[in-house]
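Subject: Structure for you to look at

Dear colleague,

I am passing on the structure we talked about, and my notes on it follow below. Please read them with the model open beside you.

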Amino acid sequence: MSNDDITLTAGDAEVDVLPGNGGRVGGLRVGGTELLRQGERFGCFPMVPWCGRIRDGRFLDGAEVRQMPLNAPPNAIHGTVRDGAWSVARVAEGEAVITYDLVEPWPYAGRVTHVVALTPDSLSLTMSVETYDASFPAQIGWHPWFNRNLGGEGAQDVRLDFSPAWQEERGDDHLPTGHRIDPRPGPWDDCFGMPGGVDVTLTWPGQLELKVGSREEWVVVYDEQEAAVCVEPQTGPPNGLNTLPRLVTPLEPLEATTTWTWRRL
């Protein structure tokens with residue numbers, strides 16, 4: 001199938017899937033109101049095979065040092081798949097499945113599958129990374145840009161509500177120091193631990209409540225930009241290929257899901 005843009009519809013919800021632009025979700029509309037920041041770099045993009053920054057773009061694979069391009073100097077950020085074109089595996093009512101075969105600069109062969117499933121009141125995103133060859137460390141995450149303000153007369157900015165068990169102390173280089181601290185007030189570009197699973201509520205007063213959930217226990221919250229706030233569930237912290245690697249093997253793929261549920265206010 002071609003990698004043309006896909007629009008799924010369920011009830012009054014619509015989601016755009018853009019295989020040709022990094023496999024991202026380009027838009028999510030509820031009752032005609034766009035929830036995601038628009039633009040080719042925004043929407044909600046998949047972070048694979050790592051999330052956030054890798055210090056100096058380097059990670060260890062056994063005794064071997066692997067070097068990734070420094071696309072956020074002096075670090076590498078957000079994986080490689082958001083820069084590529086994905087293939088469409090299938091489209092059915094309310095569901096699209098797209099795939100991406102890992103290529104250079106990532107040094108290992110593997111396939112990423114992204115399942116986008118829409119219902120009238122939820123969007124579920126499931127990603128898996130599998131290999132039929134050498135095992136390798138990897139992470140999975142999502143980077144949504146939610147509009148801070150949904151517009152309309154008297155519209156108020158979004159409120160974030162979540163109760164993390166800890167915050168990863170952030171160094172001057174924006175990377176975790178390895179110390180856990182009590183959660184601090186924002187603004188944030190920070191990683192938080194939620195051992196019971198990611199559970200973050202975004203409320204646009206008088207308009208919409210949206211819950212971001214995942215069984216994973218890591219979430220990065222970024223709200224330092226005026227236009228949008230980001231709530232990013234992921235399988236490990238930034239620099240996690242070095243500090244908390246998850247191994248993808250021929251027998252054991254890496255899989256994660258995030259589900260967004262909403263209701264009108």
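Predicted model: local features only at pLDDT ≥ 70, side-chain atom pairs only at ≥ 80, totals over all residues.

As for the overall build, the secondary structure of the chain amounts to one helix and 25 strands. With a radius of gyration of 18 Å, close to the 18 Å that the globule rule gives for 265 residues, the chain is therefore as compact as a globular protein of that length. The C-alpha trace extends over about 60 × 50 × 30 Å along its principal axes. Of the 265 residues, 55% are buried, and the accessible surface comes to about 11700 Å², with carbon and sulfur atoms contributing 46% of that area. Among contacts with a separation of 6 or more, 62% are between residues 24 or more positions apart.

The model contains zero disulfides. For C44, the closest cysteine sulfur is that of C230, and because the two sulfurs are 9.3 Å apart, where a disulfide needs them within 2.5 Å, they are too far from each other for a bond. C51 is likewise in no disulfide, its nearest cysteine sulfur being that of C191, 9.5 Å away. Both residues are covered by the rest of the protein: C44 is buried, with a relative accessible area of 1%, and C51 is buried with a value of 0%.

The phi angle of H78 is near 70°, a positive value in a residue other than glycine. Is H78 buried or exposed? Its relative accessibility is 10%, and since the limit for buried is under 20%, H78 counts as buried. Setting aside neighbours within four places in sequence, H78 is in contact with F45, P46, M47, V48 and W50, as well as with G52, H143 and E232.

A positive phi also occurs at D56, which again is not a glycine, and there the angle is near 60°. D56 belongs to the loop between β6 (53-54) and β7 (58-61), and with a relative accessibility of 32% it counts as partly exposed.

There are also cis peptide bonds to check in your own files. One of them joins E104 and P105, with omega at about 10°, and P105 is placed in the loop between β11 (95-101) and β12 (111-119). Another joins G186 and P187, with omega at about 5°. G186 lies in the loop between β18 (176-181) and β19 (189-193), and P187 has its place in that loop between β18 and β19 as well. At 37% relative accessibility, G186 counts as partly exposed. The C-alpha atom of G186 is separated by 28 Å from that of P49, a residue 137 places away along the chain.

Notes: Residues numbered from 1 in each chain as written. Heavy atoms only, no water. Buried < 20%, exposed > 50% of the residue type's maximum accessible area, 1.4 Å probe, protein only. Helix = DSSP H or I, 4+ residues; strand = E, 2+ residues; numbered from the N terminus. Rg over C-alpha atoms; globule rule 2.2 N^0.38 Å. Contact = heavy atoms within 4.5 Å. Areas by Shrake-Rupley, 256 points an atom, 1.4 Å probe, with all protein chains shown as cover.
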